[in-house]
Each structure stands twice: as structure tokens, then as C-alpha cells.
Amino acid sequence: MSNLPAGLTSLLSRRSQKMVRAPAPDAAQMRQILQAAVCAPDHAALRAWRFALVEQQDVAALTELAIAAMRRSGLEIKPEKEKNMRNWLAQVPLLIGLAYKIQHDNDRVPEIEQTLSMGAAVMNIQNAVHMLGFSCYWSTGLGTYTDDVPEALGFDTLDYRFVGFLAVGTPISPLEPVQRMDAMSLTHVWKPTPAPQ
């Protein structure tokens, strides 16, 4: 990959890393990271992406809120899973809550396109985090699919679709390269069917 542009080399080396610690990106870096998010494709310029930053001193409170919300929703949390969740989040210096504002009555942009735009924005965040030398992990635990957690973060579930959190920080252990599959094995070249003679 030595003859590839630096940006593409970085992109091809990106991977998720769950175990992170301080430091997280500083305020200037976070502005750059979130600016990358709003470069995502956006049919009809809806600008529906929304982000909530949960800094290290508040992660423990969110953890308690999320565990309680999951229990109220009837989601089983086994003691070992709860312990692992608490241990993991005790190290995380920054969580980014991820949501998009649903355009219920937009005939031009069906919700699947709004969802895809949000996914693209989150991927841009992940790439920017990686390019700045940090790591992140997209988690849909922590009460993502409850009403209480999104609403506590300011996302009324009637108007917003909450899609989880990014745990962002400095990787605790070095990133090991991942053996990726050959993308061409997932790809074919379409040809039109010849017209009958």
C-alpha cells in the first residue's frame, strides 16, 4: 500500500477498537471529526444528523441510567455482562450519542435513505477518528433501543431515531492488522441481456 495516497492508506487500515482510554480527541479535534460527519451524503439537504457528547466525568452516570432503562424495558442483563460493561465504560473517555431527526412527511426522502445518511455520517466520524490517531467502537448496547436513554440525551423517540454510541479514545493495545476479504469476490459486472433476435 506504499504507493497509495495517505488518506486511502489510512482508510484501508481502519478497524474498530472497543478497548480505549484517555486521552480522547480535544475540542478542536472533535470539531474536525464532527465536521467530517456532516460531509455525508444527504438527499434533499435534510441535515438530520444529531450528536450528543458524553464526557468522561459523565460516562458513569450514563452507564447507571442505561442499565436501569434496560431493566425497566425487560431486557435481561446477566451479572457477568453488567460487570464487563461497567469495566469497559470505566475506561472510556468519550461517548458520542448518535441520532437522526425523522422526516415523517417527506415524500422525496424515504426513511431508509435517512438511515443510510446517518450511517454514512457515523462512518465518516469513525474514519476521521482513525486518521487523527484515535480509535472508536460503535455500540448499540447501553439502552439504545429503550425510550429512556435517547430521551435522557435529548432525543424524543417520536421525532428521532437513536442508533447507538461511539466509544472514542486512545487504543489500550496496539491495533492489529485485520485480514480483509477481497472485495472483488463480492462484486460482479452487470451486462444487459441481449434482445431476442
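In this predicted model, strands β2 (residues 49–55) and β3 are paired in the antiparallel sense over seven bridges; two strands count as paired if DSSP finds at least two bridges between them. Helices (H or I, at least four residues) and strands (E, at least two) are DSSP runs numbered from the N terminus. Within this pairing, L53 has I96 of β3 as its bridge partner. Strand β3 is also joined to β5 (residues 160–171) by eight bridges, and these two strands run antiparallel. Here the bridge partner of L98 is G164 in β5. Strand β3 covers residues 94–101, and seven of its eight residues are buried, where buried means under 20% relative accessible area, exposed over 50% and partly exposed in between (1.4 Å probe, protein chains only).

Residues are numbered from 1 along each chain as its sequence is written, and side-chain values use heavy atoms, with hydrogens and water left out. Because the model is predicted, local features need pLDDT of at least 70 and side-chain atom pairs count only at pLDDT 80 or more, whereas totals for chains, interfaces and linings use all residues.

The largest nonpolar core has 26 residues, of which I96, L98, M118, I125, V129, L166 and V168 touch the most other members. A nonpolar core is a set of buried Ala, Val, Leu, Ile, Met, Phe, Trp, Tyr and Cys residues joined through side-chain atoms within 4.5 Å. Elements α2 (27–37), β3, α5 and β5 each supply at least two residues of this core, and α5 gives the most to it, with six residues. Apart from this core lies another, of 23 residues, including I67, A69, V92 and L95. Not counting residues up to four places away in sequence, V129 touches I33, F134, S135, C136 and V168 (contact: heavy atoms within 4.5 Å).

On a 1 Å grid over the protein atoms alone, a cavity is a set of points where a 1.4 Å probe fits but cannot get out, and a pocket is an open set with protein on both sides within 12 Å along at least five of seven lines; lining residues have an atom within 4 Å of a point. Grid points are joined across faces, edges and corners, and a volume is the space filled by probe spheres set on the points.

The structure holds two cavities of 30 Å³ or more. The largest cavity has a volume of about 50 Å³ and is lined by D42, H43, L46, A48, W49, V109, E113, Q114 and S117. Helix α5 (residues 111–131) gives the most to this lining, with three residues. The second largest cavity, of about 30 Å³, is lined by R14, R15, Q126, V129, H130, F134, S135 and C136. Its largest share, three residues, again comes from α5.

The largest pocket has a volume of about 210 Å³. Its lining includes K18, M70, K81, W88, Y137 and L142, and the largest share, four residues, comes from α4. The second largest pocket, of about 150 Å³, has A22, P23, M30, L53, E55 and P93 among its lining residues.
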